[in-house]
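User: I am new to this structure and would be grateful for a guided reading of it. Could the account proceed by question and answer?

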Amino acid sequence: GSLPKRLWMLACLAGLCYYLISVPFEIGFARHYKTQTFFMDVLLMAFYSIDVYLNMNFFMVKKQGKVISDREHFRALYLQQYFLNDVAGLAPISLITVLARQGSFADMFTKDNYAPVINALRLLQVLRVKQASLYFSSLLTFLEDYCRININGDMVYLIVLLVIVLFMCHW
């Protein structure tokens, strides 16, 4: 539960929120692949690649109230529980598709080159949602330890329900 790890987890939560908002938005409104989306995808792919490395080598795991500090043990737990989803979410299939469809880098962002499959392939990046509970847990611990805001389990349940209702109404 060190501060750098908690801040890292909050950055992971921010990246996940970006994916959870941008991917359905771009699929739903059939937007062409924009330059800022491309660069954000590349940036987050690099960020989450570092995250996979950190999870396998440095981040200790808390399981049933115990902190597991043995590197081989928490690496085995990570490989068993999250590794496949994380690697599948890192697969740059949408980026490869974009680059393969266009003749040059400049052509890939024009409206004429819109392909719905590109935005649909970005759904793979949302697979990190499996770790959302870890990210939210880190957020709650951060709020409690550094901001002196204590949110109990019932309040978390109400907040999650509110967020789900807001997403459903928005889309």
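User: How many helices and strands does the secondary structure of the chain come to?

Analyst: The model under discussion is a predicted one. Along the sequence its elements follow the pattern α-α-β-β-α-α-α-α-α-α. The secondary structure therefore comes to eight helices and two strands.

User: What share of the residues of the chain count as buried?

Analyst: A residue counts as buried when its relative accessible area is under 20%. The chain has 171 residues, and the share of them that counts as buried is 33%.

User: Among contacts with a separation of 6 or more, what percentage is accounted for by residues 24 or more positions apart?

Analyst: The contacts considered here are those in the chain with a separation of 6 or more. Of these, residues 24 or more positions apart account for 70%.

User: Is the crossing of H1 and H7 left-handed or right-handed, and how many nonpolar residues does their contact have?

Analyst: H1 and H7 cross in a left-handed manner. On the H1 side the contact includes Leu3, Leu10 and Leu16, and on the H7 side it includes Tyr135, Phe136 and Phe142. By class, the contact has two polar and two charged residues, while the number of nonpolar residues is 14.

User: Which residues of H4 make the contact with H2?

Analyst: H2 passes H4 in a left-handed crossing. H2 contributes Met45, Tyr48, Ser49, Val52 and Met56, and these meet Phe83, Asp86 and Leu90 of H4. By class, the residues of this contact are six nonpolar, one polar and one charged.

User: Is aspartate 51 buried or exposed, and with which side chain does its own side chain make a polar contact?

Analyst: Aspartate 51 belongs to helix H2, which covers residues 35-57. Its relative accessible area is 1%, so aspartate 51 is buried. Leaving out residues up to four places away in sequence, aspartate 51 touches Trp8, Cys12, Phe59, Arg128 and Tyr135. Its side chain makes a polar contact, at 2.7 Å, with the side chain of tryptophan 8.

User: Where is glutamine 131, and with which side chain does its side chain make a polar contact?

Analyst: Glutamine 131 sits in the loop between helix H6 (116-121) and H7. Its relative accessibility is 3%, so glutamine 131 counts as buried. Beyond residues up to four places away in sequence, glutamine 131 touches Tyr78, Tyr82 and Asp86. The polar contact of its side chain, at 2.7 Å, is with the side chain of aspartate 86.

User: How many Å separate the C-alpha atoms of alanine 132 and leucine 13?

Analyst: Alanine 132 lies in helix H7 and, at 12% relative accessibility, counts as buried. Alanine 132 and leucine 13 are 119 residues apart in sequence. In space, their C-alpha atoms are separated by 7.1 Å.

User: Which residues is serine 94 in contact with, leaving aside neighbours within four places in sequence?

Analyst: Serine 94 is in helix H5, residues 93-101, and is buried, with a relative accessible area of 1%. Its C-alpha atom is 8.8 Å from that of leucine 124, which is 30 residues away along the chain. With those neighbours left aside, serine 94 is in contact with Ile118, Leu121, Arg122 and Gln125.

User: What is the phi of arginine 148, and is the residue buried or exposed?

Analyst: Most residues other than glycine have a negative phi. Arginine 148, in the loop between H7 and helix H8 (153-170), has a positive value, near 60°. With a relative accessible area of 70%, arginine 148 is exposed.

Definitions and conventions:
Residues are numbered from 1 along each chain as its sequence is written. This is a predicted model: local features need pLDDT of at least 70, side-chain atom pairs count only at pLDDT 80 or more; totals for chains, interfaces and linings use all residues. Side-chain values use heavy atoms; hydrogens and water are left out. A crossing is left-handed if the near helix is turned anticlockwise from the far one by less than a right angle, and right-handed if clockwise. Helices (H or I, at least four residues) and strands (E, at least two) are DSSP runs, numbered from the N terminus. Contact means heavy atoms within 4.5 Å. Ala, Val, Leu, Ile, Met, Phe, Trp, Tyr, Cys and Pro count as nonpolar, Asp, Glu, Lys and Arg as charged, and the others, Gly among them, as polar. Buried means under 20% relative accessible area, exposed over 50%, partly exposed in between (1.4 Å probe, protein chains only). A polar contact is a pair of N or O atoms within 3.5 Å; within protein, one must be able to donate a hydrogen and the other to accept it, and residues adjacent in sequence count only if both atoms are side-chain atoms.
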